[in-house]
Structures are given as C-alpha cells and as structure tokens.
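Hi,

Here is the model I promised to pass on.

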There are 2 protein chains.
Amino acid sequence: MKPTLQDVADVVGVSRSTVSNAYSRPDQLSTTLRERILDAARQLGYPGPNPTARSLRRGFVGSIGVLFTSQLSYAFTDPFAVRFLAGVGAATEQHGTSMLLVPLSRAVTDARRAVENAAVDGFCVYCVADEEWALDVIRQRGLPFVSTAPRDNASADERFVGIDERAAARSAGAHVAGLGHRRVALLADSVLPDAPAGPLTLAGVDQVRHPTTRGRLGGFADAFAEVGVGWDELTLVNVTGNSRPAAAAAVAGLFDQPAPPTAVLAGSDVLALGVLDALAARPAHDRPTVSVTGFDDVPEAAAADLTTVRQPAEEKGRIAAELLLDPPADAAAGHVLLPTALVVRGSTGPVPRS
Amino acid sequence: MKPTLQDVADVVGVSRSTVSNAYSRPDQLSTTLRERILDAARQLGYPGPNPTARSLRRGFVGSIGVLFTSQLSYAFTDPFAVRFLAGVGAATEQHGTSMLLVPLSRAVTDARRAVENAAVDGFCVYCVADEEWALDVIRQRGLPFVSTAPRDNASADERFVGIDERAAARSAGAHVAGLGHRRVALLADSVLPDAPAGPLTLAGVDQVRHPTTRGRLGGFADAFAEVGVGWDELTLVNVTGNSRPAAAAAVAGLFDQPAPPTAVLAGSDVLALGVLDALAARPAHDRPTVSVTGFDDVPEAAAADLTTVRQPAEEKGRIAAELLLDPPADAAAGHVLLPTALVVRGSTGPVPRS
DNA sequence: GATCCAGACTGAATCGATACAGAGAGGTGC
DNA sequence: GCACCTCTCTGTATCGATTCAGTCTGGATC
C-alpha cells in the first residue's frame, strides 16, 4: 500500500535510520546520499514520515488543543471567542504548530472521550466553568494547560491569562453610578445552574455559578454599594445563553414595571446588544431612555455605540498559546493579568428627568 | 512516569490485551474483570489509552483538518470563513471528531510540512487556489479531501461542495444592469498574481487567476454583455487582500475620473463594504451616488443594507465535513451544488439623473 | 464418556517511525 | 606506525497501544 520509511530504505539500499535522518536530521548524513534518498522517496510517492508514528516515538504531537465549554458552532457565533481564537491562531502559526478545536458536547461521556483522545501537547482552556472533570482528565494525561478564566480551586502554580474581572466591571459600574443611576438592572448569562430567564432574586453575589460572571456582577455591585445602593436594591436578570435574542427576551418585561431600571449593566457585549435590540424593537413613543453597558468591546460594540469594558481578546488568545508553547521559567510569569479599559460611548448617559 | 496499559495489566495480573479490551471492546471480557481493571486504572491514575499509540495501530486519528490558504489570523477576521468554520464545527461535533486548523503560512517549506505532519484523517480545503502542491501532498498521503471552491484541473470524482459562481454573479450583474447602469466597475481580490491595487486592464476574464474570482467576474461580465456592454467597457479594479481598508484604498481615485462608474460590483461582501467605507469617507457634498453589490451575504451585509448574493456559509462547512466523514457511496452525490439567491437591499438603485 | 462449543483470556506480531550506542573508513598529528 | 578523531551509516530497542489466532475451562449434548 502506502510506502513507508522501510520501503524507501530498501530501494536506496540503506538502513531505515538513514532515511529517517534524511528527513529529520539532515546533518547526520552526506548531502549526496540525502539527495538520493529524497529522490527515491519522490519516485515512490512516499509522503514523508507518518505523523502519528513520529509523534508516538518522539513523545509530542506538534499541536495544541483549545477546549470550549460550549458547542463549537456556538463558539463561532461569539465574536469574543472568535477573536480569542484568532489570537491563539496567530501564536500557533508563528510557532509552527496547529490548533485542534475540541468541543465539549452535551453528552458528558462523549465529551470526556474527546478530551482523552485529543492528540495534542497541551490545552488552552477557553471557558471551563464547572467542568472541573475536564481539567482532571488533562492533568491525568500529564498535559500542560493554560486557563483563561478565573476558576474556583485554581492552584497557585497554574498558568493563567485573564483580567481582573471584578475591578474591570467596577469601572463600568462606577461610570453608570456617576451618571446618577440608582435603579439599575444587572444582566448575566446562566447565573444559577438551572434558573429560568428573567428577573432572579439572589441572597448575594457569592451564589453566582461561574467565577467570571461572579466577578463581573460583584464588580458592578461594588460600584453601587459605594453610592449606597445595596445588592438587594439591584435587579438581577438571568439570561439562558449568551446571545442577543436570549438577552432581548430576558429583559422583555423589564421596562414595563412601575419603577423600571434606568440602566442595564450586562455581563457581555452580546447581552448588551440584545438589550439594545429589545429597546429598538419597541415603538418610538414607548421607548424608555435606558443606559446600557456591555463587556469585552467586540467589534459590534463600536458599531452600536455601546459603552463597554475593553479587554484585549486577541492578545488573550495569543498569550494563552504562548504560555503553553514556551512556558516561562518563572512561575510568576505564568500568571498574566491583562489591562482593561472603560470605553465610554453613546449608550450611556445621565438619568432622564422623566 | 505516566502509567501505560502494561502497568495496569501488571497490577491487575492480566495481559495487556485484556486491559485494552476493557477500554475498547467491553464485550470481550467479563463485567467483573472489566470493573476491576478500570478501578485499578483509576487508582494508578492511568488516563486511558494513549491517543497517539492508538491512532498508529488503528490507522486513523479521529480528527479532520481544515486547510486555509491564508494565515489563520486572517481567516478569523473574514466573516464568511468564520461561518464556514462554524458549519464544519457543527458537523464534526455531531460526529464526535475534532477539527485541526492548518494554516498555509507564507513560507512554503513550513506550509508543506504543516500539511505533511497534520495528524488528520482528511482535509476540508477551504480556498486553495493555486496551492495545487498542497493537494498533491494530501493525495500522496492517501488522505481524502473535500474542496469548497472550483479548481482548474479538478478531477471529476473529487468531492466538492460549492455554488455555481458564474450564475450567481450573473444574477447580481443582471440586477444592476436592469437598473440601467452601464458605466460599471468590477472589484476583486488578487486578480493577477502580482498586480498592484487599483484599475487593471485585462484582455479577458480567462486570465483571472483564481477560479472563484474568475467565475464571479465572468458572471458579472455575462450580465453586461447581454445588455451590450462588453468586457472592454467594464472597469476592472484589483484589490490586494480581502479586507475593507484594502478595498477602500483600491477604489480611492475611482470616482474622481471624468466619467466615473455609477455602480461597483464586488467579488465579496468584505470588498463591497470597503467601497461603502470609501464613499462614506468623502464629504457629503462630494459623495457620488453609486450602487454597490457584494457577494456572500455575511451578517455585516444586512447591517450595511448591502445588496448581495447569498450563499449558505455554514451549510457549506457542514456539508464539506459530512462529505469527508461519511463519504457518499454514489460518486455523483459527492459533488454538491448549493443554492444562491440575490438579496436586494438599499445599496443598489437606479442610475442618478445628473 | 467423548465431542463440541461458547466464553474468557493470553501472546506474539504489528503499526511506522526515532534514538542511541557502536562499527568502519578515512584522515591527522606526533 | 600508532593512537585518536571525525564523519557516515547501521542495528536494535523502543514508543504504547490493537489485533488476531490460539489456549484453556467448564458446561451442554448425545
């Protein structure tokens, strides 16, 4: 069938090792012999060393995995995720490795197999929340990984690249509070494991499921606590799924209440854009003036004139990949905090007089 | 170091084969023994069969490659490419395989190695134009592939999913011609190997480098030939790179000529959006009324009210992956033509009187 | 009691390469 | 002339599993 190293060796009349060297260690044999070998390989249609066999022997694969908590098809609709991937792609490209996209499908058994069977040298963990089992599998396989979101139970020496979620969110909250808003709604995806979409009452921010969301909501709350608005006075709205329609649906009834919020702080740009969609969908005469903020600063945010918190998406991806590909000797250098910035645009303004 | 199958076997006191069967062929051993083996494995911290070794022995890997002509970092900025990837992702996900993103970097040697070394069972070739060598490598490796763009020298039995580029483009051309436009510019990326950006004279459409571009430009030309406007009378504008700024730059001087075009037909939405950018950048009093059409119907096109030709991006990706993962028995079924549709929006209109 | 059989497990061959110790040839230096 | 090197190339062990032809055991069948 397909020719192997041995076949080439037989044709040329040298040992298998020599042919191997012709490909992988050209300095180990004379140029003329090397040429003869490569010529013979070409004649035979030998495509070069089998990648799988090579990986087995060498002990590494030459590609890294990107682990998504969600469906791959979703990942590509999330602009932040796409830009993150672009960053990972840029780094891997430069490093001469490829990236394997590993989705964590619904069925846990399948998902587990996917992580167990991925032929990679390490993982960039995009947003594993309570998928601690996935990290266990990775650890058990002895593979390095970099996480890009805060995790409960994260060990200190774990490689990480991310932002100070709470402080970043606080800056958005402070901006809105500074504009005078006091009746405020916070919007986030999957606040509790199985909570339905819509307003939700929670004893405290500690109960929020995902650390990232917890950090952001906590930051918003911090800013309002400072102006005397407590957690109980904030309206928390749960969304099921990080998408514009889901967010729009979740806030549907929000502005028809007796004392509706004058501002909505969303946990992501996608959610914020959904809120804007919901507002735009109302007839002009019945459209309240609501300040809206997002998080991430995806390209669409600028187009929609959305005030948001910028975090460097591509850089996050790039650094995640680099931490994996060239691990810093210094453990402290393995924990990277990226800068964030409040980007004030037209979607926020003072409280309307009414 | 890391435990292997053999270690587990030794601990339990059975043969290596039996442990292997415990994982891969549960019906080959008693349930009790299987449990004992899995327990021991857990105790030892054995993460399950090594994926690389398994692939080597079994002869397949369980992941497919997606081949990009361009840099990965670029691919993620192209909305059409992203949606295509989403489609591939959806299919692979359902099939329980992963996807390996293989970029074709500038350096041909590196690029070649990337294709040679990719541990995959087949390739979705996203937009290989004159990268025939990449297909040669794939063929030499004996791997199946699906191409998603027309190619010169494509053999008849090759798996393919795409659209009738020429007919689709013709519909856009006919729409614009029907609106009365006769002074028209055609805009495309990399019309000739090393042509500079800007207007370009070409003897005929046959000289266009990439088959996809050739088909689209040919379709535009067909529509105008029908109303008596020959190829010579059309202004062809070359862009270097499929990006908005590049397109904007390429058409910069176009509207300051004596008899400027009243319509621009672009080979992609991204280019068309660039044209709109260029127009928007002019002061209002000096902004000509130009009809613009795109191609693909990416999400941004709707937002920009761009008339365009829709092709199903995700479906293209999904079908490409499916053709690879479950090859149809019937060779004819391996050649899929997707439907396209002209989407008329506000960016096209009748020729202004003046 | 001999025969047959299904079920449970083993052993050796195999997948396609790489690594490393070592062999042989030819050249240098003193 | 002898020890010592360097340059090429070879042979063998090894990476970590899967596969398949058997072996063995115990029970059913006639």
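This is a predicted model: local features need pLDDT of at least 70, side-chain atom pairs count only at pLDDT 80 or more; totals for chains, interfaces and linings use all residues.

Residues are numbered from 1 along each chain as its sequence is written, and chains are lettered from A and ligands numbered from 1 in the order in which they are written.

**The two copies**

Chain A goes onto chain B with an RMSD of 0.2 Å, by a turn of 179° and a shift of 0.1 Å along the axis (least-squares superposition on the C-alpha atoms of residues with pLDDT of at least 70 in both). That is the relation of a two-fold axis. In chain A, L100(A) has the C-alpha nearest that axis, at 2.2 Å. Both copies use the same surface, as 100% of the contact residues of chain A recur in chain B (contact means C-beta atoms, placed from the backbone, within 7 Å).

The contact takes 41 residues from each of chain A and chain B. On the chain A side, the elements giving two or more residues are α4, α5 (72-75), α6 (79-95), β2 (98-103), α7 (108-117) and α8 (132-140). Helices here are DSSP runs of H or I with at least four residues, strands are runs of E with at least two, and both are numbered from the N terminus. By class, that side has 20 nonpolar, 16 polar and five charged residues; Ala, Val, Leu, Ile, Met, Phe, Trp, Tyr, Cys and Pro count as nonpolar, Asp, Glu, Lys and Arg as charged, and the others, Gly among them, as polar.

**A sheet across both chains**

Which strands meet where the chains join? β2(A) and β2(B) do, running antiparallel with three bridges between them. L100(A) has L100(B) as its bridge partner, and L101(A) stands opposite M99(B). The whole open sheet has twelve strands with mixed pairing, in the order β12(A)-β5(A)-β4(A)-β3(A)-β1(A)-β2(A)-β2(B)-β1(B)-β3(B)-β4(B)-β5(B)-β12(B) (strands pair if DSSP finds at least two bridges between them). Its edge strands are β12 (335-338) of chain A and β12 (335-337) of chain B, each pairing on one side only. From one strand to the next the twist averages 20°.

**Two helices in chain A**

α1(A) (residues 5-12) packs against α2(A) at about 110°, with the axes 8 Å apart. Axes are lines fitted to C-alpha atoms, for helices over the stretch in contact, and angles run from 0 to 180 degrees between N-to-C directions. The two helices are therefore roughly perpendicular (65 to 115 degrees). The contact is made by L5(A), Q6(A), V8(A) and A9(A) of α1(A) with R16(A), T18(A), V19(A) and S20(A) of α2(A).

**The DNA**

DNA strand C is surrounded by 25 residues, the closest being T4(A), S20(A), N50(A), S17(B) and L29(B) (near means a C-beta atom, placed from the backbone, within 6 Å). α2 (16-24) and α4 (51-58) of chain A, and α2 (16-24) and α4 (51-58) of chain B, each supply at least two residues of that surface. Around DNA strand D there are 25 residues, with S17(A), L29(A), T4(B), S20(B) and N50(B) nearest. The surface near DNA strand D has nine nonpolar, ten polar and six charged residues.

Cheers

Conventions. Two residues are in contact if their C-beta atoms, placed from the backbone, lie within 7 Å. Angles under 35 degrees count as roughly parallel, over 145 as roughly antiparallel, 65 to 115 as roughly perpendicular and the rest as oblique.
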